[in-house]
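Take a look at the chain below. Then follow this short report through it, one region at a time.

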Amino acid sequence: MWEHNDELDRAFANAHLGVEQTVEFFRQLRESNVTFVAPYHPEIIGENKIGSDGKMIITVWSIGAEEVIPIFTTPERLDEAMQGRGKPGELYAAGQMVGKELFRAFCPPHNKFRVAINPGCACGTHFLDPERIQGIVDGSALYIPTPGELAMSGLVISLPERQPDCLKVPLGKFLTGIPEVKAAWLFYEEEPKPPFEQVHVLGLAIVGGDAEEIRTEAALAIASVCPPEWSSRAIIMDPKDEGFSDIMRCPSFYRTPDYVPPPKAG
């Protein structure tokens, strides 16, 4: 009997809204029955176990120049996709299986294809590469990063030899006029995107005052001393956020005598 996964369908529709919604979509994919397509065999009628030898055959579709594994959130989505394929009379078999168990077959290294969720449907298509599928199966894709971890993604702390004097010196003087800033670090993007040659980030430990207003002023300050071919921004570092706390115990290019690093967890 087919199962209509309203929760999985809703999670699919909301996955683009943010990290939490994407993670919820992955969780639903992992725990719900999903619908897949298999080659048609007229001798197979009704409910059947998949491959007594532990093997199964999943149909691969071509989307553009790419071959993908089509998976659907509900049987109705599969029906919609088949109607839109423009192949009248095309025969196929459909099945349902818990996502975590089905996706084990799509993990690297034995799978090279991406999975396409709801291809050919009006709701749009979500693609998953084999590494992401692995994360859904083992649960690592269900981890929600903290705001600090997201902010620090792709950044490297600027050690003294990597701190440009054109930034460090004027920013140090600027920060002495803002007593609420207790410490500051410089970071750079490891892989800056064109057209910028370098991207530098000013991280601030702020106590008191209007933190967002201070961040805005600091962002203007670092932008004013960056060459035109560089980009920059400023971020507020929350000592209670695990994504920041370890870094806030590292040496900073600026700090006040009363700066207190966050304690180690545990």
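Is N118 buried or exposed? This is a predicted model, so keep that in mind as you read. N118 has 0% relative accessibility, and buried means under 20%, so N118 counts as buried.

**Around N118**

Find N118 in the loop between β5 and β6. Its phi is near 60°. That is a positive value in a residue other than glycine. Leaving aside residues up to four places away in sequence, N118 touches D9, F12, I71, F72, T73, R77, C123, G124 and T125.

**The whole chain**

Now step back. The protein chain has 266 residues, and buried residues make up 40% of them. Its secondary structure comes to nine helices and eleven strands. Next, consider contacts between residues at least 6 apart in sequence. Of these, 68% join residues at least 24 apart. The chain exposes about 15,100 Å². Carbon and sulfur atoms supply 54% of that area.

**Strand β2 and I63**

Strand β2 covers residues 61-63, and I63 is found in it. I63 and G120 are 57 residues apart along the chain, yet their C-alpha atoms are separated by 9.0 Å.

**Helix α5**

Helix α5 runs over residues 130-138. Which of its residues are buried? They are P130, I133, G135, I136 and V137. An α-helix has 3.6 residues a turn, so residues three or four places apart point the same way. What covers the buried residues of α5? The cover includes two helices, α2 (19-31) and α4 (99-103). It also includes two strands, β5 (114-117) and β6 (126-128). Just after α5 comes G139, which takes a positive phi of about 90°.

**Backbone angles to check**

The table gathers some backbone angles. Two belong to cis peptide bonds between prolines.

| Where | Angle | Value |
|---|---|---|
| P108 to P109, cis peptide bond | omega | near 5° |
| P194 to P195, cis peptide bond | omega | near 10° |
| N118 | phi | near 60° |
| G139 | phi | about 90° |

Where do these prolines sit? P109 has its place in the loop between α4 and β5. P195 lies in the loop between β8 (181-189) and β9 (198-206).

**A charged patch**

Finish on the surface. D6, E7, E76 and D79 gather there in a patch of negative charge. Which elements give two or more residues to this negative patch? They are α1 (6-14) and α3 (75-84). E7, for one, is found in helix α1.

Technical notes. Residues are numbered from 1 along each chain as its sequence is written. This is a predicted model: local features need pLDDT of at least 70, side-chain atom pairs count only at pLDDT 80 or more; totals for chains, interfaces and linings use all residues. Side-chain values use heavy atoms; hydrogens and water are left out. Patches are made of residues with over 30% relative accessible area and no salt bridge: like charges are joined within 9 Å, nonpolar side chains (Val, Leu, Ile, Met, Phe, Trp, Tyr) within 5 Å. Accessible areas come from the Shrake-Rupley method with a 1.4 Å probe; for residues, only the protein chains shown count as cover. A salt bridge is a side-chain nitrogen of Lys or Arg within 4 Å of a carboxyl oxygen of Asp or Glu. Lys and Arg count as positive and Asp and Glu as negative; His and the chain ends are not counted. The place of a charge is taken as NZ of Lys, CZ of Arg, CG of Asp or CD of Glu. Helices (H or I, at least four residues) and strands (E, at least two) are DSSP runs, numbered from the N terminus. Buried means under 20% relative accessible area, exposed over 50%, partly exposed in between (1.4 Å probe, protein chains only). Contact means heavy atoms within 4.5 Å.
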